[in-house]
Amino acid sequence: MEKNLQKIIKGYQIFREKYASGDSSIMYNLYREGQQPAILVIACCDARVDPALILQCDPGDLFVVRNVANIVPPYEKDKTHHGTSAALEFGICLLQVQHLIILGHSQCGGIKAFLSKKESKQDDFITNWIALLPALPSLPCSSDAYAKLSLNQSYANCLTFPWIQEKVLKQQLTIHRWFFDIPTGSIYTYHAVQDAYVPLA
Ligand SMILES: [Zn+2]
């Protein structure tokens with residue numbers, strides 16, 4: 001069997017052993033009680049940025065939405081198909097998570113594609129999706145700095161959803177902007193008073 005597939009099947013066996021063996025397993029308890037995650041994470045599809053792995057979570061801990069460049073689109077209630085907005089609605093209104101983490105990261109391919117403006121051979125959806133990223137700053141900026149600007153835009157877009165705005169105002173929901181640095185594996189969190197990203201404790 002192909003090596004990559006062998007690796008994940010081995011992983012699946014370890015997962016079953018650790019989380020799904022016996023009636024008192026985490027999976028069986030989650031089956032009986034249903035999911036009740038307290039945290040929703042919006043992360044990029046990037047293979048290096050898996051929230052559950054980075055944060056060492058158990059099944060059931062995180063409600064995760066992943067899309068190219070971890071973008072929160074603005075609230076647009078129309079007849080098109082809004083996968084990220086539907087997931088936000090499910091997590092925030094029905095599961096009632098208390099924290100929403102927008103997790104950006106360094107070396108983001110979606111951000112780099114937006115900044116390079118290079119035409120890609122294959123582009124049925126990508127350019128239209130990343131057009132949601134904020135306008136380019138007047139001064140040149142690195143892709144990582146721009147990824148942080150984009151977190152600010154996603155944060156602002158969150159507040160265009162009436163039910164997110166209401167929960168934030170009632171202090172039932174806190175929105176966090178986190179930035180994951182790939183080479184060091186470090187997370188930086190946006191600090192409103194300092195208006196800067198500081199290491200996550
Ligand atoms: Zn990315």
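**Salt bridges, helix packing and a nonpolar patch**

Q: How many salt bridges does the count come to?
A: The count comes to two salt bridges, where a salt bridge is a side-chain nitrogen of Lys or Arg within 4 Å of a carboxyl oxygen of Asp or Glu. This is a predicted model, where local features need pLDDT of at least 70, side-chain atom pairs count only at pLDDT 80 or more, and totals for chains, interfaces and linings use all residues. Residues are numbered from 1 along each chain as its sequence is written, and side-chain values use heavy atoms, with hydrogens and water left out.

Q: OK, which residue does aspartate 46 form a salt bridge with?
A: Aspartate 46 pairs with arginine 48, and their closest N and O atoms are 2.8 Å apart.

Q: And is aspartate 46 buried or exposed?
A: Aspartate 46 counts as buried because its relative accessibility is 15% (buried means under 20% relative accessible area, exposed over 50%, partly exposed in between, with a 1.4 Å probe and protein chains only). Arginine 48 is partly exposed, with a relative accessible area of 38%.

Q: What does lysine 170 form a salt bridge with?
A: That one is glutamate 166, with the closest N and O atoms 2.8 Å apart. Lysine 170 is partly exposed at 48% relative accessibility, and glutamate 166 is partly exposed at 42%.

Q: Switching to helices: at what angle do α4 and α8 pack?
A: Helix α4 (residues 83-94) packs with helix α8 (residues 162-169) at about 35°, and their axes are 10 Å apart. Helices here are DSSP runs (H or I, at least four residues), as are strands (E, at least two), numbered from the N terminus. The axes are lines fitted to C-alpha atoms, for helices over the stretch in contact, and angles run from 0 to 180 degrees between N-to-C directions.

Q: Left-handed or right-handed crossing?
A: The α4 and α8 crossing is left-handed, meaning the near helix is turned anticlockwise from the far one by less than a right angle; clockwise would be right-handed.

Q: Which residues make the contact?
A: From α4 you have Ser85, Leu88, Glu89, Ile92 and Cys93, and from α8 Trp163, Ile164 and Lys167. Contact means heavy atoms within 4.5 Å.

Q: Where is phenylalanine 90?
A: Phenylalanine 90 sits in helix α4 and counts as partly exposed because its relative accessibility is 36%. Leaving aside neighbours within four places in sequence, phenylalanine 90 is in contact with Gln35, Phe63 and Leu95.

Q: New topic: which residues make the nonpolar surface patch?
A: Met1, Leu5, Ile8, Ile9, Tyr12, Phe15 and Met27 make a patch of about 680 Å². Patches are made of residues with over 30% relative accessible area and no salt bridge; like charges are joined within 9 Å, and nonpolar side chains (Val, Leu, Ile, Met, Phe, Trp, Tyr) within 5 Å. Accessible areas come from the Shrake-Rupley method with a 1.4 Å probe, and for residues only the protein chains shown count as cover.

Q: Which helix gives the largest share of the patch?
A: Helix α1 (residues 3-19) does, with five residues. Isoleucine 9 is in helix α1, and isoleucine 9 counts as partly exposed at 35% relative accessibility.

Q: What does serine 154 touch?
A: Not counting residues up to four places away in sequence, serine 154 touches Asn70, Ile71, Val72 and Ile102. Serine 154 lies in helix α7 (residues 143-158) and is buried, with a relative accessible area of 2%.

Q: What about glutamine 107, what's its phi?
A: Glutamine 107 has a positive phi of about 55°, although it is not a glycine. Glutamine 107 is in the loop between β3 (99-105) and α5 (109-116). Lysine 117 also has a positive phi, of about 60°, and is not a glycine. Lysine 117 sits in the loop between α5 and α6 (126-130) and counts as exposed at 54% relative accessibility.

Q: Last one: where does cysteine 45 lie?
A: Cysteine 45 lies in the loop between β1 and α3 (51-54). Leaving aside neighbours within four places in sequence, cysteine 45 is in contact with Arg66, Asn67 and Val68.
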